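Dear colleague,

I am passing on a structure for you to look through.

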Amino acid sequence: MTIPSADQVRLAMATALGVSEKRMPADADLAELVSDSYRLVEMAIELQDDFDVILSQADLNGVTTVGDLVEVIRTRSAQD
Amino acid sequence: MIGEPGPDADPQASTTAPLGDDERWVLSYYRTSEINGSLFFGRLARTLRPSPIQHDLTRHFADEALHAWYWTDCLDRLGTRPVKLSDAYQDQYLEAAGLPVNLMEIMAITLVFERRVINQYAKHLALLGVRPEVRDTIDRIMADERCHVAWVKEALEGMHDKFGAATVAETLQRYRQADREVYARTLAEHEDRLRFLHPPPDDEKGSRT
């Protein structure tokens with residue numbers, strides 16, 4: 001399994017959310033980027049499809065920034 | 001989805017009496033829950049890649065939207081309009097259970113929720129004096145809900161290999177616990193609105209199948 005780069009994950013997140021990648025610095029607050037909680041679910045589903053990983057509810061505990069989620073995806077990619 | 005019968009219910013109330021504020025509120029609450037379910041499944045159907053689950057979920061979305069229409073029409077036939085409600089059962093649900101983030105978790109929370117819906121509508125049908133318009137609406141919805149439970153259950157069973165049977169079971173258990181908490185809290189919160197519901201005597205309950 002190839003581990004995606006942080007930029008690849010951020011690009012996928014930006015695409016899923018329909019926002020510019022420029023709005024996705026590592027320290028950006030996810031809550032400010034998603035319009036509602038359902039949008040977060042949609043993005044999680046799309047990221048799992050894009051990178052062929054499985055996320056669980058527990059994986060997102062403590063995830064608050066773009067960088068946090070990027071690291072979760074990259075870590076999962078290394079494991080799955 | 002709410003509704004244990006209130007202790008002060010008036011057993012003489014007629015099914016032809018004008019719709020009271022509380023009954024109107026409950027039917028509107030059902031309608032809002034169906035709308036929220038439809039919106040959730042619609043967004044998922046839009047997000048998922050082509051697959052059997054996408055196919056069934058799109059149907060599920062359409063059914064929930066239709067159910068919202070059934071309740072809207074039911075209220076109209078009863079000579080009233082829906083109460084505008086900003087909050088639905090699902091909102092509290094996600095708050096208590098947490099956001100599902102993979103398809104297995106989504107199917108698990110959906111299965112638990114659909115069973116709650118069936119249980120709630122069955123309780124409503126078992127009450128005394130259910131109006132024909134309400135009974136007809138619930139009957140139509142219940143037929144779909146049973147199909148929903150069947151397809152979601154099958155989809156979950158198909159995920160055992162990918163997620164592990166134990167993980168699926170644990171997830172279901174977690175959502176069932178959250179469901180019980182939210183249902184109890186919802187009943188307590190809306191206790192005053194549920195007094196119009198009339199429980200049938202025990203012997204009559206037993207004759208309804």
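Predicted model: local features only at pLDDT ≥ 70, side-chain atom pairs only at ≥ 80, totals over all residues.

Residues are numbered from 1 along each chain as its sequence is written, and chains are lettered from A and ligands numbered from 1 in the order in which they are written.

Chain B has eight helices and zero strands, where helices (H or I, at least four residues) and strands (E, at least two) are DSSP runs numbered from the N terminus. Along the sequence its pattern reads α-α-α-α-α-α-α-α. Of the 209 residues in chain B, 35% are buried, a residue being buried if 20 or more other C-beta atoms lie within 10 Å of its own, exposed if 12 or fewer, and partly exposed in between, with C-beta atoms placed from the backbone. Among the contacts in chain B with a separation of 6 or more, 84% join residues 24 or more positions apart; two residues are in contact if their C-beta atoms, placed from the backbone, lie within 7 Å.

Helix 2 of chain B (residues 52–77) has 26 residues and spans 37 Å from its first C-alpha to its last, close to the 38 Å expected at 1.5 Å a residue, the expected span being 1.5 Å times one less than the number of residues. Its buried residues are B:I53, B:L57, B:H60, B:F61, B:D63, B:E64, B:H67, B:A68, B:W71, B:C74 and B:L75, and what covers them includes helix 1, helix 4 (103–125) and helix 5 (132–157) of chain B. After helix 2 of chain B comes B:G79, with a positive phi near 80°.

The contact between the chains takes 15 residues from chain A and twelve from chain B. Helix 1 of chain B gives the largest share of the chain B side, three residues. By class, that side of chain B has six nonpolar, three polar and three charged residues, where Ala, Val, Leu, Ile, Met, Phe, Trp, Tyr, Cys and Pro count as nonpolar, Asp, Glu, Lys and Arg as charged, and the others, Gly among them, as polar.

Helix 3 of chain A (residues 37–51) packs with helix 1 of chain B (residues 21–47) at an angle of about 25°, their axes being 10 Å apart; axes are lines fitted to C-alpha atoms, for helices over the stretch in contact, and angles run from 0 to 180 degrees between N-to-C directions. That angle makes the two helices roughly parallel, given that angles under 35 degrees count as roughly parallel, over 145 as roughly antiparallel, 65 to 115 as roughly perpendicular and the rest as oblique. The contact is made by A:Y38, A:E42, A:I45 and A:E46 of helix 3 of chain A and by B:F40, B:R43 and B:T47 of helix 1 of chain B.

Within chain A, the axes of helix 1 (residues 6–17) and helix 4 (residues 66–79) come within 9 Å and cross at roughly 115°, and these helices of chain A are therefore roughly perpendicular to each other. Their contact is made by A:A6, A:V9, A:R10 and A:M13 of helix 1 and A:V66, A:L69, A:V70, A:I73 and A:R74 of helix 4, which by class gives seven nonpolar, no polar and two charged residues.

A:D52 lies in the loop between helix 3 and helix 4 of chain A. Its phi is near 50°, a positive value in a residue other than glycine, and A:D52 counts as exposed because it has 11 C-beta neighbours inside 10 Å.

With best wishes
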